[in-house]
Amino acid sequence: MSAARLYNITKTLLNYGLDELIPPQKIPWYGKVSRACLFWLKNKHPEKPAGLRLRLALQQLGPVWIKFGQMLSTRRDLLPLDIALELALLQDQVQPFDGVLAQKLIENALEINDISEYFSDFEQTPLASASIAQVHTATLIDEHYQPQKVVVKVIRPDIREQIDADLALMEQFAKVVAKLINEAKRLRPVEVVKEYKKTLLDELDLLREGANAIQLKRNFEGSESLYIPFVYSDYSRVNVLVMERIYGIPVSDTDALVAQNTNMKLLAERGVEVFFTQVFRDSFFHADMHPGNVFVSYDTPENPKFIGIDCGIVGTLNKEDKRYLAENFIAFFNRDYRQVAQLHVDSGWVPKDTSVEEFEFAIRTVCEPIFNKPLAEISFGHVLVNLFNTARRFNMQVQPQLVLLQKTLLYVEGLGRQLYPQLDLWKTAKPFLEDWVKQQVGPWSVFKQVYANLPFWAEKMPELPDLIYQNLKQQQQHNNQAPLPQPSHKPLLLGVFAGAAMIVSGLCYLQHDFIAASVAASCSIIGFILAWRNA
């Protein structure tokens, strides 16, 4: 971090009076002395509200700080609402760098002498420019010598050095804030910056973004709700990504959508469907679904389809998190606060020694006023924020995947209500969640787990006779040494027989021999009944 950059950042922060956001009684003497020494750097915008001053300062500091403000805008559990809303207005509009330089970077990455070796035309004027990269249109000549309309995304030159320098300073600021503010334990500024650093550095690897897009496209192959552009992996590198060019209406342009007679109600409901499908079916969701990354296809406006781009940030959930989240949502809207509290303890999100009764009362106090409104007016995202806020008072440590989920849900809900203000998100989501929970705990779920484990049991089944023989032999030797009344081995043998018959049934089913599968399944059931009766 150069001294000039440090001074410029300090000057910007003080010119917007951001030091005034820290209560005077919280500033140590050496902090006050340091501020007095910079007497010429005064607040030039005292008439502006704090949130606006913070947003303008971040915009002036550049792309790394803008993206940090965008991330903070989703952490409404950490910031006052007025500041969070102001940061949500941050626009990532950055001056493009020279198109000739972009072309040279692409040629170097692809190890070619001239751009025309792969692209029959390349537009040096960028189609779009953001803080990390910019996008150019081109026509790719593929391996079959067919022209393909594409966009080429290229990382800004020397951006890594700037990011590393600014992140180092952010980390120092976070440590200072952690010492100055008593509430720093709850705000956890060091952890917030660390989380942001990981997200930002991941975005610098366009191969990772390409892999994410390929996975999402596979998950929604043939879907009427979401389309992900094709990635040309053979022509992509760490700092260059080549993707199919898409044509659509920005989802924020509601006037254009209405003008082409788009079914807005269906479009809004499909947005909710896409989100919950990604989270609960695939455990792999696009975590940066702000309006700039979402378009609507021009085709079939009566049966509208979303187009998603920029898959640099994705979130994942494990099986336990998915189940607890689904059950939490259902319990919340059934006003079963006892169940919500118990689920948080069972999941390990709050300490095991948490008083369920006190936790239930705290959740009820926060949420009952919300549910006095009609369901269609309840913000699903804000319910989740209130849940996490309440749980944090009971020492809940918010996990990164839940933060991404919260951010994405706020995006999706805001988008849905913008498209169709009458959208009842709960009415749309509840059947999906209830069906998913039933699938996880019903007989079909048990069958699927057994089916998934069949290859393992098929591999182990030849070992079962030897294991049974060794066990019986050890029992016999033990009986000879100390003759005591022994329980019958009949239930054990019947249970082993029943389990083996079940495995055989599954293997026959895989081979489409349904008669043999039925016979083996019947033998398995009989074996289990006999084992139970002889136990």
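**A guided reading**

Modeller: Let us begin with D19, which is placed in the loop between α1 and α2, where helices (H or I, at least four residues) and strands (E, at least two) are DSSP runs numbered from the N terminus. This is a predicted model, in which local features need pLDDT of at least 70, side-chain atom pairs count only at pLDDT 80 or more, and totals for chains, interfaces and linings use all residues. Residues are numbered from 1 along each chain as its sequence is written, and side-chain values use heavy atoms, with hydrogens and water left out.

Biologist: As what does D19 count in terms of relative accessibility?

Modeller: Buried means under 20% relative accessible area, exposed over 50%, and partly exposed in between, with a 1.4 Å probe and protein chains only. D19 has 23% relative accessibility, so D19 counts as partly exposed.

Biologist: Which residues does D19 touch, not counting residues up to four places away in sequence?

Modeller: A contact here means heavy atoms within 4.5 Å. With residues up to four places away in sequence left out, D19 touches L13, L14 and R35.

Biologist: Is N15 buried or exposed?

Modeller: N15 has its place in helix α1, which covers residues 3-15. Its relative accessible area is 9%, and therefore N15 is buried.

Biologist: How far apart in space are N15 and A57, C-alpha to C-alpha?

Modeller: In sequence, N15 and A57 are 42 residues apart. From C-alpha to C-alpha, however, the distance in space between N15 and A57 is 8.4 Å.

Biologist: What span should helix α10 have at 1.5 Å a residue?

Modeller: The expected span of a helix is 1.5 Å times one less than its number of residues. Helix α10 (residues 206-219) has 14 residues, and its end C-alpha atoms are 20 Å apart, which agrees with the span it should have, 20 Å.

Biologist: Which salt-bridge partner does R208 have?

Modeller: Side chains of opposite charge can pair when their charged atoms come close. A salt bridge is a side-chain nitrogen of Lys or Arg within 4 Å of a carboxyl oxygen of Asp or Glu. R208 is partly exposed, with a relative accessible area of 40%, and the closest N and O atoms are 3.7 Å apart in its salt bridge with D202.

Biologist: How many residues apart in sequence are the parts that E224 and R270 tie together?

Modeller: The side chains of E224 and R270 meet in a salt bridge of 3.3 Å, N to O. E224 lies in the loop between α10 and β5 (226-227) and R270 in helix α12 (residues 264-282), so this pair ties together parts whose separation in sequence is 46 residues.

Biologist: Of E224 and R270, which counts as buried?

Modeller: E224 has 48% relative accessibility and so counts as partly exposed. At 8% relative accessibility, the one that counts as buried is R270.

Biologist: In which helix do R364 and E360 both lie?

Modeller: R364 forms a salt bridge with E360, in which the closest N and O atoms are 2.9 Å apart. These two residues are 4 residues apart, about one turn of the helix, and both lie in helix α15 (residues 356-367).

Biologist: Which residues are linked with E360 and R364 in a network of salt bridges?

Modeller: By the salt-bridge rule, the count comes to 14 salt bridges. The network that contains E360 and R364 also links R338 and E357.
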